[in-house]
Amino acid sequence: MTKRERMLFAFSVVISAALCVPKRACAMHIMEGYLPPAYCIVWGAVCIPFLAAGVIAIRHLVEEKRRSLLILAMAGAFVFVISSLKIPSVTGSCSHMTGTGLAAILFGVPATAILGIIVLIFQAILLAHGGLTTLGANTFSMAIAGPIVSVLLYKLLRKTKLSQNICVFAAAFLGDLFTYCVTSVQLALAYPSPTGGIAASALEFLGVFAPTQLPLAVIEGLLTMVIVIGLQTYAKPELREIGFLKGDA
């Protein structure tokens with residue numbers, strides 16, 4: 001080999017070795033086997049009432065509001081696609097948007113919990129994103145806790161003079177941020193800091209997520225707002241049927 005070819009080969013070896021070095025990563029979806037069994041069981045048990053209510057809510061949609069099923073399916077697809085886009089972080093972690101704010105605003109928390117757990121199961125099996133043992137914890141943070149904040153904030157802001165688009169943006173934005181806050185607490189409960197306890201550990205995990213999650217939350221808020229604007233233009237009858245438009249039951 002020539003000198004240039006040897007240098008190129010040596011450079012490729014260095015790059016390959018660097019990429020193969022294992023790094024500690026903390027994705028928003030808690031990975032398979034990361035939580036102790038007791039925590040997996042507890043978080044799964046906490047999700048059961050919400051999932052049961054979700055089954056009832058979706059059954060009522062199927063029986064009474066069939067025109068809205070297409071929007072429900074679209075909301076589920078939005079959650080799957082947007083939460084599958086993992087963005088690498090300079091902190092060694094990866095972050096992603098959740099997409100659950102849209103479903104929560106349109107259909108409520110119970111239906112969103114069902115959409116969320118379906119998405120998380122597919123991601124765990126097909127994409128190795130999250131895990132089956134941590135399914136309860138991931139469902140609670142992404143498909144229950146975040147949507148609760150989105151719904152409450154949206155209803156609160158709608159009582160003010162703010163425009164509906166601003167309310168949608170704020171609800172999706174805060175719901176996304178609250179999801180990673182809950183995930184940080186879940187991880188801190190399982191792995192408290194030896195010196196500072198649960199609070200210090202939670203702050204450490206929050207510091208890992210924050211650099212990439214803050215801008216992603218803004219993007220999710222904007223995307224959710226754009227989708228709602230599109231639905232208001234092309235799907236008014238369906239939005240009236242589910243009571244989303246102001247003044248409609």
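# Close-up views of the model

**View 1. S193 and its contacts.** S193 is in contact with A200 and S201, leaving aside its neighbours within four places in sequence; contact means heavy atoms within 4.5 Å. This is a predicted model, in which local features need pLDDT of at least 70 and side-chain atom pairs count only at pLDDT 80 or more, while totals for chains, interfaces and linings use all residues. Residues are numbered from 1 along each chain as its sequence is written, and side-chain values use heavy atoms, with hydrogens and water left out. S193 sits in the loop between helix 7 and helix 8 (197-234); helices (H or I, at least four residues) and strands (E, at least two) are DSSP runs, numbered from the N terminus. With 19% relative accessibility, S193 counts as buried. Here buried means under 20% relative accessible area, exposed over 50%, and partly exposed in between (1.4 Å probe, protein chains only).

**View 2. Helix 7, end to end.** How many residues does helix 7 have? Helix 7 (residues 164-190) has 27 residues, and the distance from its first C-alpha to its last is 39 Å, close to the 39 Å expected at 1.5 Å a residue. The expected span of a helix is 1.5 Å times one less than its number of residues. Because 19 of its 27 residues are buried, helix 7 is largely enclosed by the rest of the structure.

**View 3. Helix 8 and its bend.** The 38 residues of helix 8 should span 56 Å at 1.5 Å a residue, which agrees with the 51 Å between its end C-alpha atoms. At A210, helix 8 bends by about 55°, and a proline, P211, follows within four residues. For reference, the bend at a residue is the angle between axes fitted to the seven residues ending there and the seven starting there.

**View 4. A nonpolar patch on the surface.** F80, V81, L85, I118, I121, F122, I125, L126, L127 and L132 form this patch, and together they have about 900 Å² of accessible area. Two elements give two or more residues to the patch: helix 3 (69-84) and helix 5 (109-127). Helix 5 provides the largest share, 6 residues. L85 lies in the loop between helix 3 and strand 1 (87-88), and at 45% relative accessibility it counts as partly exposed. Patches are made of residues with over 30% relative accessible area and no salt bridge, joining like charges within 9 Å and nonpolar side chains (Val, Leu, Ile, Met, Phe, Trp, Tyr) within 5 Å. A salt bridge is a side-chain nitrogen of Lys or Arg within 4 Å of a carboxyl oxygen of Asp or Glu, and accessible areas come from the Shrake-Rupley method with a 1.4 Å probe, where for residues only the protein chains shown count as cover.

**View 5. L120 in helix 5.** Is L120 buried or exposed? L120, found in helix 5, has 2% relative accessibility and counts as buried. Not counting residues up to four places away in sequence, L120 touches H29, L135, N138, T139 and M142. Its C-alpha atom and that of L135, 15 residues apart along the chain, are separated by 7.0 Å.

**View 6. G136 and G44.** G136 belongs to helix 6 (residues 135-158) and, at 12% relative accessibility, counts as buried. The C-alpha atoms of G136 and G44 are separated by 3.9 Å, although the two residues are 92 residues apart along the chain. Residues that G136 touches, not counting those up to four places away in sequence, are W43, G44 and C47.
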